[in-house]
Amino acid sequence: MNLESHTRVPPDPRRWLILALLCTAQFMLIVDVTVVNVALPTIGAELGLNAGALTWVVTAYTLFFGSLLLLGGRLGDLLGRRRMFLVGLTLFTAASLASGLAESGGLLITARAVQGIGAAVMSPAAMALITTVFQGPERNRALGVWAAIGATGAAFGVLLGGVLVSGPGWESIFFVNVPIGLAVLVAVPALVKETTTAGHGPGHGHGHAAAPTGFDLPGALTMTATPALLIYGLARARDNGFGDIGARLPLLGALVGAVLFVVAERSATAPLVRLPFLARRSLIGGCLLMLAASGVLISAFFLCSLYLQHVLGFSALRTGLTFLPAALATLVGAHLGSQAVARLGWRATAAGGMAVAVAGALLLTGLERDGNAWTQVMPGFVLLSFGLGIGFVCAITSSMHGVEHEDAGLGSGLVNTCHELGASLGIAVIAAVAGASLEGTTPSVDGFGSAFTACAVIAAAAAVAGLTLLPKGLPDPSAGPVFAH
């Protein structure tokens, strides 16, 4: 037995600074999902892009980001979390500069795809680093901050996009990432120690088999292709409905890919993923909760933005400013949620948070064509965001509860993949429920009622799932692996 691996090391005195740096990087990634939406009309006019090409300015980023998260997380486990974080951040920063300098639609879409690749490598490595830097109850608080950053980034992206497009121009939404990325690139190597499975993996005091050697190519290919096909199929369903053959074929391909992935990992001598890890109840419950919370939140952002701009006639900047209270409510919800998990446990906290989200969604079903944003939109939007902030904390802390050091990157990659899948799935479901009523320049208010009712149903289902699948009782302050540096 390696006694050193069971020795609890003193907390890193710089851990909160490290958390701030890692969360700053994550904030950039999440903001870049929505910041572009506000700028699309201007980008289309200046680069001569039609509506179909403009959707790829968004989809190219989310497709590569979501599909490579699992592989990116596992590469961090095997090759080093700090190393892969820096590789991903370098790619993301360089691609941000290229995006701002792009003079054609093809160059911009290509640069956005590279941004997505960098984000997929960087995000799970950053989250895994947090689980190694923090121990005990502090880990839940740190993951609560991480959840809040992820939940509010989308809302701040709408606000930031409105401010920058109305001021310096659309290029600035990408250029703003460059100095931030360079600053984090300089600071992280000086503050964060490298962690890999080589020194802390299985076989080092945990009683597991030695860390895998070699490279599982079939597992890597199916691990990447399955979420890629799923996200692409959902994107097509969002635009054309689930009856579209262009949506059905990728979704069927994703199902086949999932089966091939299981077959590949069961037969591999050195699998990228040990299948029993994916069967952990806390992981399944956390990922399902993340899927639902992300789907409802992104759908609510989409619906509220559509209502404010196309029904009430708000400008992009005014719409972004209206999102600010919702973003702050998500932050407060995540903060209180991390405290509630420690006192009430995951099940009660998640059920309570999603119940608040249900109430918020139901309030938003009563939108009127001549409504008032502050009396009709804001109360429900704030309640919904507050409840989902709690849900995000429960999803992340449950998913990572008890995950061994050698699987931290994979676990973070999986829960982040569910975040991206939830966003795509939520919009696709809402589009299918509302149908043509939300299309055009004057969407029907009846469509908003149906869409927010669907959001309430999804949130209610997530509350029930949380009561049955999330871990029972209170978190054990000593739960999770103890790492020696």
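Biologist: Which residues is phenylalanine 85 in contact with, leaving aside its neighbours within four places in sequence?

Modeller: Contact means heavy atoms within 4.5 Å, and by that test phenylalanine 85 touches Leu22, Ala25, Met122, Ala125, Ala126, Leu129, Val184 and Val188. This is a predicted model, where local features need pLDDT of at least 70, side-chain atom pairs count only at pLDDT 80 or more, and totals for chains, interfaces and linings use all residues. Residues are numbered from 1 along each chain as its sequence is written, and side-chain values use heavy atoms, with hydrogens and water left out.

Biologist: What makes the 118 residues a nonpolar core?

Modeller: A nonpolar core is a set of buried Ala, Val, Leu, Ile, Met, Phe, Trp, Tyr and Cys residues joined through side-chain atoms within 4.5 Å; buried means under 20% relative accessible area, with a 1.4 Å probe and protein chains only. The largest such set has 118 residues, and Phe85 and Leu388 have the most contacts inside it. Helix H13 (residues 281-311) gives the largest share, 17 residues. Another core, of 18 residues, lies apart from it and includes Val31 and Val165.

Biologist: How do you know that the span of helix H10 is close to the expected one?

Modeller: Helices are DSSP runs of H or I, at least four residues, numbered from the N terminus. The expected span is 1.5 Å times one less than the number of residues. H10 (residues 217-240) has 24 residues and reaches 34 Å from its first C-alpha to its last, against 34 Å expected.

Biologist: What covers the buried residues of H10?

Modeller: The cover includes helix H2 (51-67), helix H3 (69-79), H11 and helix H18 (408-434). Among the buried residues are Gly219, Pro227 and Leu234.

Definitions and conventions:
Buried means under 20% relative accessible area, exposed over 50%, partly exposed in between (1.4 Å probe, protein chains only). Helices (H or I, at least four residues) and strands (E, at least two) are DSSP runs, numbered from the N terminus.
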